[in-house]
Amino acid sequence: MSSTPGERFRTAMVEEKPLQIPGTINAYTALLAQRQGYRAIYLSGAGVANASYGIPDLGMTSMSDVLVDIERITSACALPLLVDADTGWGHSLCIARTIQAFIKAGAAAVHIEDQQAAKRCGHRPNKSMVSTGEMVDRLHAAVDARTDESFVIMARTDALAEEGLERSIERCQRYIEAGADVIFAEAITDAEHYRFFTQSLSVPVLANMTEFGMSPLMTVEHLSKVGVELVLYPLSAFRMMSRAAEMAYETIRKTGTQSSLLDQMQTREKLYEVLDYHAYEQKIDDLLNKADAE
């Protein structure tokens with residue numbers, strides 16, 4: 001019997017420590033990540049809002065919006081997919097529906113955060129937290145809704161900036177009691193804070209290495225030394241892609257040609273290789289030859 005996405009994610013956590021998880025904003029970038037040997041991938045809520053809908057990450061996308069991108073990625077790539085579920089999109093019944101829809105779409109794991117529904121980016125000021133009790137209720141709803149026990153449920157806490165380190169740890173201990181499999185400690189400003197989380201908690205801790213935010217960028221080796229078991233790079237590739245697109249559009253507009261950019265582009269041959277284009281084309285030829293023979 002083949003393993004479930006959740007089982008593959010849990011296996012990856014055991015076999016690669018820390019587990020590196022790159023953000024993949026669409027199916028093609030998921031294929032590129034797979035070719036580099038990653039064991040798991042990530043769909044960012046900001047990535048869905050920014051790349052798929054052209055809007056800020058301020059809680060304006062819905063569960064259905066994210067589901068579209070989940071289905072596109074999991075249909076093309078077998079790597080287990082961690083998905084950003086923001087605050088869960090509503091009360092307990094809405095959270096349950098989200099978990100079940102994500103499992104059905106092929107996701108392996110999800111993280112739910114403890115901000116108010118009108119959320120902000122985790123690395124922006126003036127975040128508003130729900131009570132610990134409300135977040136515990138969110139997690140109970142998510143855990144109870146699982147149709148696959150291997151599906152991984154992460155609890156993301158944004159409490160450090162608003163409530164301090166000790167209070168954040170207290171929250172996370174309650175989240176673990178509610179069934180969280182992993183703690184996602186957001187906007188950590190000091191490496192030693194990660195050590196405090198990992199030594200205080202009984203489940204793996206994820207570090208978010210997003211660029212231009214509150215957290216200093218650290219190597220996998222450094223994070224391993226402070227006990228981190230999962231490392232997330234949510235939008236690194238997207239930021240590189242966006243800068244490259246800006247340069248391409250600017251150059252073509254100013255010079256009237258893209259010829260100076262060719263050595264910076266992925267070639268047609270490489271694209272075909274990633275997509276296994278020639279195998280698809282051969283199937284078309286085989287069908288046409290079979291029809292001619294008949």
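**Exercise 1. The largest pocket**

Helix 11 provides eight residues of the lining of the largest pocket, the largest share. The structure is a predicted model. Describe the largest pocket by its volume, its lining residues and their classes.

Solution. 

Step 1. Start with the volume: the largest pocket holds about 830 Å³ of space.

Step 2. Go on to the residues around this space. The lining is made of 26 residues, and those closest to the centre of the pocket are Thr29, Leu32, Ala237, Met241 and Gln266.

Step 3. Assign the lining to elements. At least two lining residues each come from strand 1 (19-22), helix 2 (27-35), helix 11 and helix 12.

Step 4. Sort the lining by class: 16 residues are nonpolar, eight are polar and two are charged.

**Exercise 2. Thr257**

Locate Thr257 and decide whether Thr257 is buried, partly exposed or exposed.

Solution. 

Step 1. Thr257 sits in the loop that runs between helix 11 (236-255) and helix 12 (268-275).

Step 2. The relative accessible area of Thr257 is 29%. Partly exposed covers values between the 20% limit for buried and the 50% limit for exposed, so Thr257 is partly exposed.

Step 3. Now look at the surroundings. When neighbours within four places in sequence are left aside, Thr257 is in contact with Thr251 and Ile252. A polar atom of the Thr257 side chain also lies 3.1 Å from the backbone nitrogen of Ser259.

**Exercise 3. Two nonpolar cores**

Which residues of the largest nonpolar core touch the most other members? Continue with the contacts of Tyr194.

Solution. 

Step 1. The largest nonpolar core has 64 residues, and Ile70, Ile99, Phe102 and Tyr194 touch the most other members. Helix 6 (residues 132-145) gives the largest share of this core, seven residues.

Step 2. Another core, of 17 residues, lies apart from the largest one; among its members are Met13, Ile21, Phe184 and Leu230.

Step 3. Return to Tyr194. With residues up to four places away in sequence not counted, Tyr194 touches several residues, including Ala185, Ile188, Leu206, Met218 and Val228.

**Exercise 4. Asp114**

Is Asp114 buried or exposed? Find the polar partners of its side chain.

Solution. 

Step 1. Asp114 belongs to the loop between strand 4 (109-113) and helix 6.

Step 2. The relative accessible area of Asp114 is 0%. Buried means under 20%, so Asp114 is buried.

Step 3. The Asp114 side chain makes a polar contact with the side chain of Thr157, at 2.8 Å. A polar atom of the Asp114 side chain lies 2.9 Å from the backbone nitrogen of Asp158.

**Exercise 5. Backbone angles**

Examine the backbone at Pro18, Phe212 and Asp276.

Solution. 

Step 1. Recall the general rule: most residues other than glycine have a negative phi, and most peptide bonds are trans.

Step 2. Lys17 and Pro18 are joined by a cis peptide bond with omega about -10 degrees. Pro18 is in the loop between helix 1 (5-15) and strand 1.

Step 3. Phe212 is not a glycine, but its phi is positive, near 60 degrees. Phe212 lies in the loop between strand 7 (205-208) and helix 10 (220-225), and at 79% relative accessibility Phe212 counts as exposed.

Step 4. Asp276 has a positive phi of about 55 degrees. Asp276 is in the loop between helix 12 and helix 13 (277-293), and at 44% relative accessibility Asp276 counts as partly exposed.

Conventions:
Residues numbered from 1 in each chain as written. Predicted model: local features only at pLDDT ≥ 70, side-chain atom pairs only at ≥ 80, totals over all residues. Heavy atoms only, no water. Helix = DSSP H or I, 4+ residues; strand = E, 2+ residues; numbered from the N terminus. Buried < 20%, exposed > 50% of the residue type's maximum accessible area, 1.4 Å probe, protein only. Contact = heavy atoms within 4.5 Å. Polar contact = N/O pair within 3.5 Å; in protein donor to acceptor, adjacent residues only side chain to side chain. 1 Å grid on protein atoms, 1.4 Å probe; cavity = no way out; pocket = protein on both sides within 12 Å on 5 of 7 lines; lining within 4 Å. Points joined across faces, edges and corners; volume = space filled by probe spheres on them. Nonpolar A, V, L, I, M, F, W, Y, C, P; charged D, E, K, R; others polar. Core = buried A, V, L, I, M, F, W, Y, C linked by side-chain atoms within 4.5 Å.
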